[in-house]
Amino acid sequence: MLDRLYPGTYRYVVEHDQLRVLALDHLPIGSPAGSGSPEVYVLEGALYTDWETVYQVNVVKVYRLMFARVGNRPDAEDLTSEVFVKSLPNLTLPSTVSQVHAYINAAARSVLADHWRRHYGEPQADIEVDNISRPFDLTPAVDDSDRAGRILSLLPDRSRRILELRFLRGCSIKQAANEMGVSPGNAKILQYRALRLAAEVGERMLS
Amino acid sequence: MRSPVDWIAAFVEDLIRNRRPRRFKASPEEMVALRAAAALSAARPGANRPSRRFIDQVCADVDLTVGAVLAERRRHPVEARERMST
């Protein structure tokens, strides 16, 4: 079917149970290459020839990248818009997929670093470069949930419990305190310590 | 004045309610907690799906931006290119 949509030479790669299509010659990129199958994309050697396709192919991936870093919809939406507004004026079409992704990738890093610096005073944003470079990876988003689950499972009981109550069950701090039989003040302290422990565990998992 | 523990609790509360978190100057230790909280919030099942309204809005914004850039390039091709490269 793909050959009928975009005549050319392809190499097929299966990663993370998803089919990637690497075009071996330059051809316009579609969104996605296999109509009706969001898991099949032309990734390499292809050309973006119009702005709408650049946006359509990448917007959800950039949004998810931003959401994974800021954890809330309003900020993720603003930052995603900013990435496109920042990167598109620097692009000239037609451009190869890898060139376009490099621009968007650089804009994503810069926008995220600026977000943490501007709103929380972080002097030198420590953006996880390996993860930032994966906005166009088709790894299912469920990986983030799996990783969070693994981190929680490695925490001491009370730390895991407070974070589960807050993030998985959506309990208020008072409700979480009630569930754990502690005062709201103690629940806040437990939560703060648990988050820092979770960060440490996450770091160890990456190293 | 709020303590770090209170700021982090307020930040988490905003994340859980999917509100824009309040802003404050964070210490490096607090920043570690903020980022962990953001990552845990993002890992909630199904939380990372963008809304259709947002996708359409960004599409309109991109159209405006691109339109303005192309118009500028047509008017001043050399200057526009130099300005963009700085």
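Predicted model: local features only at pLDDT ≥ 70, side-chain atom pairs only at ≥ 80, totals over all residues.
**Ground rules.** I number residues from 1 along each chain as its sequence is written, and I letter chains from A and number ligands from 1 in the order in which they are written.

**Entry 1: chain B against chain A.** I looked up the contacts first, counting two residues as in contact if their C-beta atoms, placed from the backbone, lie within 7 Å. I found 46 residues of chain B in contact with 47 residues of chain A. Helix 1 (4-16), helix 2 (28-42) and helix 3 (52-75) of chain B each give at least two residues to the side that touches chain A. I take helices (H or I, at least four residues) and strands (E, at least two) as DSSP runs, numbered from the N terminus. Helix 2 of chain B has the largest share of that side, with 13 residues. By class, I list 31 nonpolar, four polar and 11 charged residues on the side of chain B that touches chain A. Here Ala, Val, Leu, Ile, Met, Phe, Trp, Tyr, Cys and Pro count as nonpolar, Asp, Glu, Lys and Arg as charged, and the others, Gly among them, as polar.

**Entry 2: helices 2 and 3 of chain A.** I then checked how helix 2 (residues 51-70) and helix 3 (residues 73-87) of chain A pack: the angle is about 135° and the axes are 8 Å apart. The axes are lines fitted to C-alpha atoms, for helices over the stretch in contact, and angles run from 0 to 180 degrees between N-to-C directions. That makes helix 2 of chain A oblique to helix 3 of chain A; under 35 degrees would be roughly parallel, over 145 roughly antiparallel, 65 to 115 roughly perpendicular, and the rest is oblique. From helix 2 of chain A, the residues that meet helix 3 include Tyr55(A), Val59(A) and Phe67(A); their counterparts in helix 3 include Leu79(A), Val83(A) and Phe84(A). I class this contact as 11 nonpolar, one polar and one charged residues.

**Entry 3: cover of helix 3 of chain A.** I call a residue buried if 20 or more other C-beta atoms lie within 10 Å of its own, exposed if 12 or fewer, and partly exposed in between, with C-beta atoms placed from the backbone. Helix 3 of chain A is mostly covered, with 11 of its 15 residues buried. Among them I note Arg73(A), Asp75(A), Glu77(A) and Glu82(A). The buried residues pack against helix 2 and helix 4 (97-120) of chain A together with helix 3 of chain B.

**Entry 4: backbone in chain A.** I found a cis peptide bond between Leu93(A) and Pro94(A), with omega about 0°. Pro94(A) sits in the loop between helix 3 and strand 5 (95-96) of chain A. In helix 7 of chain A, the buried residues include Ile162(A), Leu163(A) and Phe167(A).

**Entry 5: helix 1 of chain B and what follows.** The buried residues of helix 1 of chain B include Trp7(B), Phe11(B) and Leu15(B). Helix 1 of chain B is followed by Asn18(B), with a positive phi near 60°. Asn18(B) lies in the loop between helix 1 and helix 2 of chain B. I logged Asn18(B) as partly exposed because 14 other C-beta atoms lie within 10 Å.
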